[in-house]
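This report walks through one protein model for a reader who has not seen it before. Please look over the sequence and the structure first.

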Amino acid sequence: MTSRRIRIFDTTLRDGEQTPGISLSPEQKLAIAKKLDDLGVDVIEAGFPVVSDGEHRGVSMIVAEGLSCEIAGLARANRKDIDSAADAGLNYVHTFIATSDIHLQYKLKITREEAVAKAVDAVEYAKSRGMQVEFSAEDATRTDRSFLSKVFSAVAAAGADRIDIPDTVGYSTPEYIAEITADAVEASSNLPISVHCHNDFGLAVANALAGIKAGASCAHVTINGIGERAGNASLEEFVMALKCLSHGNGESYTTGVTSERLYDTSKYLSKTVGMQVQPNKAIVGENAFGHESGIHTHGILNNPLTYEPISPELVGRKRWLHVGKHAGIHGMNAMLSEYGIETDDRQSYAILEKIKAIGDQGKFITDVELLTIASEVLGEKGIRRLVKLIGFSVSTGIGTMPYAFVKLAIDDREFAGTAYGVGPVDAALKAIEGTMGRTAKLQVKDYNLASISGGSTALCEVTIVVEDEHGNTISTKSVGEDIVTTSVKAVIDGINRIMLKNLLKDRKE
Ligand code: MN
């Protein structure tokens, strides 16, 4: 088995930023670039310097940061764009021109010969400015195959250092991209080849892998697969597929990416760009290492490899179990024992029956609800819900400070509190923190709000992290129609979980 080191060209800050609805400030771009460098990518495509002053500044700031990876910038095949990249401090330019007839005829309105001449001039000019040059034939997969080879030969002769094959509209199959990758290796007399795959048919990662197996040494990828339309090949999926799967060609692949940082980087990006990944997204989706079905949970508890292809820790995650109508006795007992609760068979079945009845009503069961049900069944030896929300109101508007009032029952004693905040959610959370302060010092460390559907009746999803005075944290989530109420419910749920955990821990010690 021979091993090949694959180069990761991250274009989150360029193609990723071209995602509809995403726009980043120079400071945000720099912060993401640092995360990407920590992750271990080989190249960051920092932006497209000619598009705006802010973009130019963002690229310059990233260059000036002196990160350990290489920094590239995009330029069309013209001197103005290349000058703009050079002026931003870049010594690595990714220059492109479209080569498919549809782009030449309708977009650029030039002939194939003119396109080759422009490509050659751009490569020669960028080389004359002392830059490393990666050349892309835009829409390569819809370009006439023999013409594509001519373009690659011409730019290789003009001094290009690297060739990129963009599947600009995600139109390729793995078989076709493999064929034109082999063509490109030959036409360019063995220059290093990259593949840049889009996900319009859900094949971006499969196409990128096929390109690599056919001789490419680099893929352009983005965190969470963000990018134009259906996005780009996702970095986390591509890196883990390279690392973990058997490729059946006598080769294994490595990258410079520290896989344990993938989840954290994905979360950071989602938060910064305000775009969540779908729950069933491979590797980084909420459900990627979650289990509910009784059969699966039982298998996982015996040996995680039964229903997990890789261990969640490998990508910086933790497995989670959930109870609902598909739950089984083993999974439920495992969850209860995480909270220090041991039950006999009769008790377990009684709890499970109640859970299934709630699940059949189409309801989601949180950990606190599971513990509450358990406490009902276990009676005196059981546990109580520690904090209950009894009353709550907020007021907000223009020309007035947002203000919240909360009334909580803590161990059946009532406490009330009020607070001002920068907004209604902030006021509500401060009021809860203040009221809780009398019994336990708890703090909301992280707050994340996402809209699940469109329109003014959209459902929102609130994820929060609550921290106690010892630095223990717990993350919890709530979904609802009212942003403020949903936030309050998430906080109360988090407080209960962290307090229950601490209480049960104290009892055991
Ligand atoms: Mn692209």
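The elements that give two or more residues to the side of domain 1 that touches domain 2 are α9 (235–244) and α10 (262–273). Of these elements, α9 gives the most to that side, with three residues. The number of salt bridges between domain 1 and domain 2 is zero.

The pLDDT value belongs to a predicted model, and this structure is one.

The contact between domain 1 and domain 2 involves seven residues of domain 1 and six residues of domain 2. About 540 Å² is buried between domain 1 and domain 2, and carbon and sulfur atoms give 68% of that area. On the side of domain 1, the residues that lose the most area to domain 2 are M240, E260 and Y263, which together make up 69% of what that side buries. The centres of domain 1 and domain 2, taken over C-alpha atoms, are separated by 44 Å.

## The protein as a whole

The protein is divided into domain 1 (7–273), domain 2 (290–378) and domain 3 (387–508). There are 16 helices and 18 strands in the protein. Taken along the principal axes, the C-alpha atoms fill a box of roughly 85 × 60 × 40 Å. The protein has 509 residues, and 51% of them count as buried. Among contacts between residues at least 6 apart in sequence, 64% join residues at least 24 apart.

## The manganese site

Which residues coordinate the manganese ion? The donors are D15 (OD), H196 (NE2) and H198 (NE2), at 1.9 to 2.3 Å. Along the chain, the donors of the manganese ion follow the spacing D-x180-H-x1-H. D15 lies in the loop between β2 (7–10) and α1 (26–39), while H196 lies in strand β8 (residues 193–197), so the pair ties together parts that are 181 residues apart in sequence. D15 and H196 are both buried.

D15 also takes part in a network of salt bridges, in which it is linked with R14 and E45.

## Salt bridges

The count for the protein comes to 32 salt bridges.

| Pair | Closest N and O atoms |
|---|---|
| K29 and E17 | 2.8 Å |
| E27 and R57 | 3.6 Å |
| D426 and K430 | 2.8 Å |

K29 forms a salt bridge with E17. K29 lies in helix α1 and E17 in the loop between β2 and α1, so this pair ties together parts that are 12 residues apart in sequence. Are the two residues buried or exposed? K29 is buried, with a relative accessible area of 1%, and E17 is buried too, with a relative accessible area of 12%.

E27 forms a salt bridge with R57. E27 lies in helix α1 and R57 in helix α2 (residues 53–64), so this pair ties together parts that are 30 residues apart in sequence. E27 counts as partly exposed, at 44% relative accessibility. R57 is partly exposed as well, with a relative accessible area of 43%.

D426 forms a salt bridge with K430. Where do D426 and K430 lie? Both are in helix α15 (residues 424–436), four residues apart, which is about one turn of the helix. D426 is partly exposed, with a relative accessible area of 23%, and K430 counts as partly exposed at 40% relative accessibility.

## The surroundings of K29

The side chain of K29 reaches the backbone oxygen of L13 at 2.9 Å. Not counting residues up to four places away in sequence, K29 touches L13, E17, L24, A46, G47, E55 and I62. With a relative accessibility of 1%, K29 counts as buried, since the cut-off for buried is under 20% relative accessible area.

Note on methods. Residues numbered from 1 in each chain as written. Predicted model: local features only at pLDDT ≥ 70, side-chain atom pairs only at ≥ 80, totals over all residues. Heavy atoms only, no water. Donors = N, O, S within 2.8 Å, 3.2 Å for Na, K, Ca; no water. Buried < 20%, exposed > 50% of the residue type's maximum accessible area, 1.4 Å probe, protein only. Salt bridge = Lys/Arg side-chain N within 4 Å of Asp/Glu carboxyl O. Domains from an automatic or database assignment. Contact = heavy atoms within 4.5 Å. Buried area = accessible area lost by both parts, 1.4 Å probe. Polar contact = N/O pair within 3.5 Å; in protein donor to acceptor, adjacent residues only side chain to side chain.
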